[in-house]
Amino acid sequence: MLWGARVAWRPRDCALVFRRMPWRGVGGALTLGNVILYTGDDPESPCFTYAHRAGLAVEPCISLADHERAHVYQYMLLGPLFLPLYVLCGGVSARNPFERAADRYALQRSGWWPWW
């Protein structure tokens, strides 16, 4: 693939996954519908929750793949409304209910919907 990225369908994530995306200065992942873009090689790599990184909580590491899978589910339910709602709720932030729900899902394997 262009820039050395690797692509594969991951049925568990209901998404087309691109690994090794060459974004300089950006770590982690980005989900757009049923497409997940990872900068690293292993989607299952551990990462901290948004609340942990912001100093709002002390939580164990989560799987980046589980966190992004929650965003896929959110996209599947909301469709084109996801992105505007995500931005209105604070964008990439520990206070964004979409990010908190994705972290909760990665920690507990349940609760990916922001307002449950």
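A salt bridge here is a side-chain nitrogen of Lys or Arg within 4 Å of a carboxyl oxygen of Asp or Glu. By that criterion the side chains of Arg-19 and Asp-41 form one, at 2.5 Å from N to O. The model is predicted. A search of the whole structure returns eight salt bridges. The largest nonpolar core has eleven residues, and the largest pocket holds about 460 Å³ of space.

**Salt bridges**

- The Arg-19 and Asp-41 side chains meet at 2.5 Å, N to O. This pair links distant parts of the chain: Arg-19 sits in strand 2, Asp-41 in the loop between strand 4 and strand 5, 22 residues apart.
- Arg-19 counts as partly exposed, because its relative accessibility is 24%. Asp-41 is partly exposed too, with a relative accessible area of 40%.
- Arg-10 and Glu-44 form a salt bridge at 2.6 Å, N to O. Here too, distant parts of the chain are linked: Arg-10 belongs to strand 1 (residues 6–10), Glu-44 to the loop between strand 4 and strand 5 (46–47), and 34 residues separate them.
- Glu-44 has 32% relative accessibility, so Glu-44 counts as partly exposed.
- Arg-69 pairs with Asp-66 in a salt bridge, with the closest N and O atoms 2.7 Å apart. Both residues lie in helix 2, three residues apart, about one turn of the helix.
- Arg-69 has 1% relative accessibility and therefore counts as buried. Asp-66 is buried, with a relative accessible area of 0%.
- A network of salt bridges links Arg-10, Arg-12, Asp-13, Glu-44, Asp-66, Arg-69 and Arg-109.
- Side chains of opposite charge can pair when their charged atoms come close.

**Strand pairing**

- Strand 2 (residues 15–19) pairs with strand 4 (residues 35–38) in the parallel sense, over three bridges. Within this pairing, Phe-18 has Leu-37 of strand 4 as its bridge partner.
- Strand 3 (residues 29–32) pairs with strand 4 in the antiparallel sense, over four bridges. Leu-30 stands opposite Leu-37 in strand 4.
- Strand 3 and strand 4 make a hairpin with two residues between them. In the turn, Gly-33 has a positive phi of about 65 degrees.

**Nonpolar cores**

- The largest core is made up of Ala-70, Tyr-73, Tyr-75, Leu-78, Phe-82, Tyr-86, Phe-98, Ala-102, Tyr-105, Trp-112 and Trp-113. Helix 2 (64–78), helix 3 (82–88) and helix 4 (97–108) are the elements that give two or more residues to this core. Helix 2 gives the largest share, four residues.
- Leaving aside neighbours within four places in sequence, Trp-112 is in contact with Ala-70, Tyr-73, Gln-74, Leu-77, Ala-101 and Tyr-105.
- Another core lies apart from the largest one and has ten residues, among them Ile-36, Cys-47, Ile-62 and Ala-65.
- In soluble globular proteins, nonpolar side chains tend to be buried together.

**Largest pocket**

- About 460 Å³ of space lies in the largest pocket. It is lined by 29 residues, and those closest to its centre are Ala-29, Leu-30, Tyr-50, Glu-68 and Glu-99.
- Strand 3, helix 1 (50–53), helix 2, helix 3 and helix 4 each supply at least two lining residues. The largest share of the lining, five residues, comes from helix 2.

Terms used: Residues numbered from 1 in each chain as written. Predicted model: local features only at pLDDT ≥ 70, side-chain atom pairs only at ≥ 80, totals over all residues. Heavy atoms only, no water. Core = buried A, V, L, I, M, F, W, Y, C linked by side-chain atoms within 4.5 Å. Buried < 20%, exposed > 50% of the residue type's maximum accessible area, 1.4 Å probe, protein only. Contact = heavy atoms within 4.5 Å. Pairing = 2+ DSSP bridges. 1 Å grid on protein atoms, 1.4 Å probe; cavity = no way out; pocket = protein on both sides within 12 Å on 5 of 7 lines; lining within 4 Å. Points joined across faces, edges and corners; volume = space filled by probe spheres on them.
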